[in-house]
Amino acid sequence: TQNSTWWKNATVYQIWPASYKDSNGDGVGDIPGIISTLDYIKDLGIDVVWLSPMFDSPQDDMGYDISNYEGIYPPYGTMDDMDNLIDQCHKRGMKLILDLVINHTSSEHDWFKESRSSKTNPKRDWYMWRPPRIDEHGNRQPPTNWKSHFSGSAWTYDELTDEYYLHLFAKSQPDLNWENDETREAIYNSAMKFWLDKGCDGFRIDTAGLYSKTYPIRDVPIIAPDQEFQPADAYTHNGPRIHEFHKEMFAKVTSHYDAMTVGEVCRGSREDTLKFVSAKEKEMNMIFLFDVVLLGTQETDHFKSEKFTLVDFKNAVKGQCEFVSGTDAWSTVFLENHDQPRSITRFGNASKKYHDKSGKLLAMMEAALTGTLFIYQGQEIGMTNFSRDWDISDYQDIDSTNYYKQFKAKHGDDEKAMAEMMDNLALVARDHARTPVQWDDSANAGFTTGKPWMKINDNYREINVKSQVNDPNSILSFYKQVLKLRKNHKDLFIYGEFETLDHENEETFTFIKTYQDKKALVVLNFSDKDQPFKAPEGELLLSNVDVEEATLSPYEGRIYLLS
Ligand code: TEU
């Protein structure tokens, strides 16, 4: 049962298997490839590996479309490989958590195949089927105006039974019906207990706010009048039974194991969101808040991104830090994952001159923030977004490619609009996180001896593990240093209270961490200019430059222990 809180102190490393390390030359990353790098991960200072979906899947959404929770996608390996991975992580004192994708399955899952087969099938009600709506011209229309997160209607018509099924994501990702008791029981057994009994240590819980839909199922208010379908969050996000479902999941499953749980709940009111993670509520350990990573993007069009200022950035960081302060809840720190562009490109400065320095700056910031820290593969070597010059055919993600198709159909003749759309893809598309990890400067960056399933970032000769691993000045070495520092001062960095100084300053991000009578000062120059600075009384714990000067150089950061 869950008495310990080991997960609070953990540093987690996320692996997205397709692009991590290929061991057999088929161009796709695999589990034996992961196992071959566990010493590297351990050496970085990692306690928990989070593995993105490696389950059997047609891969329409890179494994977030699961066709069998109890099987492995063959190109990734076998069940023996998974057992070995669990074992090898544990041997090194690390834990392994898996992705729990239970808002939907793949349309290739047996459950859906049965559900689809007839209106009277016992599993019919395991998914969300609705009759067509007939419009005033007598035409068949989707039951509601809901938009899929991946563009187009959230409903797909199935001729076989003359009904539509709901899919908040791709049409090959039908939503499970959480109102059905049997469905939930099946999810707990197949997707959860099966793996916990094998020795997995917990889950990152995908789309954890979406299971409870608001009934009756009906049109959402129109918030994007220029769009045919409407963002459906109002009736799909944090619905009326969501906390009941999470409490049940905890009571029936996760509480019986010493399982770590981290939910993906991007938005919601503070009061409602706190319920997911407040210890006394007994739901999940922590969630990811998206204030920082969604900066500048729009609810009605997540590819449209606008400029934001450093103060906007500070507000977002502050909001996430303060979210749990003074409560019995716990939170997370992250700048990257498989759905986000690379943080140096987005929040630092990816130019040759400042790449390393701004990467280290971001590492310092993260290491000093309150919560459980998550690092995404390649972040530790400063991987960046790929070039704006890449062609749309180089993008692989269903979110990007659907968006492109839909945008082109509407604005194909407008060169300027098309160019702006490509600018946006170059900035925020999920593809940037999904290029293969750059292990060395040999062909295909040492990721594979075959043809990589996705193009390698052009900068792999300059940015790769091999060139950094023995260089004490590399980003990788710096990550090891900051992660150690974070652990050495757990109280201040992992648990401390956060407070900004000089909040309106648009160049420098300064904050204080406090734990009882201990204080640390973190000062981060987010500009490419020198900034005035007066060193405080205390000990300099860490800096990303060699020499301590009176002023802060561009992208310089320092952490002091105040006396
Ligand atoms: O993401 C859920 C989610 O909220 C995304 O739609 C997110 O808003 C989008 O990716 C931003 O570009 C989770 C997974 O992390 C994602 O990879 C899956 O595609 C999705 O669920 C469906 O399972």
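This is a predicted model: local features need pLDDT of at least 70, side-chain atom pairs count only at pLDDT 80 or more; totals for chains, interfaces and linings use all residues.
Residues are numbered from 1 along each chain as its sequence is written. The model scores ipTM 0.94 and pTM 0.97.

An open sheet of eight strands, paired in parallel, runs in the order 15-14-12-5-2-1-17-16. Its edge strands, each pairing on one side only, are strand 15 (286–288) and strand 16 (332–333). Strands here are DSSP runs of E of at least two residues, numbered from the N terminus, and two of them pair if DSSP finds at least two bridges between them. Strand 2 and strand 5 pair in the parallel sense over four bridges, and Val49 stands opposite Leu96 in strand 5.

| Strand | Residues |
|---|---|
| Strand 2 | 48–51 |
| Strand 5 | 95–100 |

Val49 is also, with Ile287, Met364, Ala368 and Val522, among the residues that touch the most other members of the largest nonpolar core, which has 135 residues. Such a core is a set of buried Ala, Val, Leu, Ile, Met, Phe, Trp, Tyr and Cys residues joined through C-beta atoms within 7 Å, buried meaning that 20 or more other C-beta atoms lie within 10 Å of a residue's own, with C-beta atoms placed from the backbone.

The ligand is surrounded by 14 residues, of which the closest are Asp61, Tyr64, His149, Phe169 and Asp339.

Methods. A residue is near a molecule or strand if its C-beta atom, placed from the backbone, lies within 6 Å of it. A residue is buried if 20 or more other C-beta atoms lie within 10 Å of its own, exposed if 12 or fewer, and partly exposed in between; C-beta atoms are placed from the backbone.
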